Amino acid sequence: MFGKLFGRGEEGPGADPHALPVPRRRSGVHPLRALGDRRVLALVEAADAGDWEGVKEALAPFDLGRDHQVLGQLTDIGGLEEWIVRAVEEDKEHRAEALLISGARHIHWGWEARTAARAVDVSQEQWRTFHERLHTAERQLLEAAELRPDWITPWRQLLTSARGMSLGSPVAETRRDAALRRDPLDLDVHLAWLSQLQPRWGGEPGEALEFARAAFAAAPDGHRLGCVVAMAYIEEWVESDDSACLQDPRIRTELRQAAERSVLHHAYERRLGWQGDYNIFAMALALAGSSTASNVFRELEGAYTEWPWTYMSEPQKAYARFRKAF
């Protein structure tokens, strides 16, 4: 039914004219490329080629100051940091966009230097490079936020840099509040704060889940903010030494109800990148052993996003294994 409604896998009047063709794989699983959108792919290809004019043209359909997922497609591009500085310095009209892209890229680039290793296993040279790149990101993102006070994406990115630089709760809370003043129901900001509340970043056990429940309770039916509850349970699984910690009837019930009031609700709007929301719920429901996972996997039709499966070894294989099991 949903395939017909949203034009997936078919041509005709109901098909999305911007949808990328779905690659055929024997396993039925395919990584979601450029959010599954031709316009985003054009943006990524222009950025990969160092073509600032092409990037600006490709950005026209999007609001980079609010669209975290489109911005996220740019932060992964290696080498972008080498040429975007020219746009920052030379393009006064679009300086805010260039600063935002560069700042977000420097955060990602900083974490590439730090790696996902435990803090005790990170070398002094890695720490130095990490902090240098985050300092650059901070400066650029704060200027972007000043130039465009209506934007939310700089504040979302600044939450990540604050966590990496250990700037403390008062700074992080100020940035969170600045973001939520611009959109009180922004999912990406809530997910960033959820990370901040994890014990590994100084939070108290159970604090993140309490925050997630309260946030979703304030959202209307069909809102994607339900993903914050699913992600809170995934984070609990990450923090736990017990791989079966989510195998509890009460957790299964809560996750099923969250999915039914969020991504599986008739009011849920499948916007660009909706597959990311479904992947969060797919992983949480699968870890909890909930049969509702089958409904979510079915609607995905094999579309895999690296996040949040990256918490598992061989993420795509883990996705395929759970998909087959349900």
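I began with the radius of gyration, taken over C-alpha atoms and compared with the globule rule of 2.2 Å times the number of residues to the power 0.38; for 326 residues a compact globule would come near 20 Å, and the chain agrees, at 20 Å. I noted that this is a predicted model, in which local features need pLDDT of at least 70 and side-chain atom pairs count only at pLDDT 80 or more, while totals for chains, interfaces and linings use all residues. Residues are numbered from 1 along each chain as its sequence is written, and side-chain values use heavy atoms, with hydrogens and water left out.

I then checked burial (under 20% relative accessible area is buried, over 50% exposed, partly exposed in between, with a 1.4 Å probe and protein chains only), and found that 51% of the 326 residues are buried.

Next I turned to helix α3, residues 52–59, with helices read as DSSP runs of H or I, at least four residues long, and numbered from the N terminus. Six of the eight residues in α3 are buried, namely W52, G54, V55, K56, A58 and L59. I found these buried residues packing against α2, α4, α5 and α6, where contact means heavy atoms within 4.5 Å.

Last, I searched for disulfides (cysteine sulfur pairs within 2.5 Å) and found zero. The sulfur of C227 lies 19 Å from the closest cysteine sulfur, in C245, which is too far for a bond. C227 is buried at 0% relative accessible area, whereas C245 is partly exposed at 24%.

Definitions and conventions: Helices (H or I, at least four residues) and strands (E, at least two) are DSSP runs, numbered from the N terminus.
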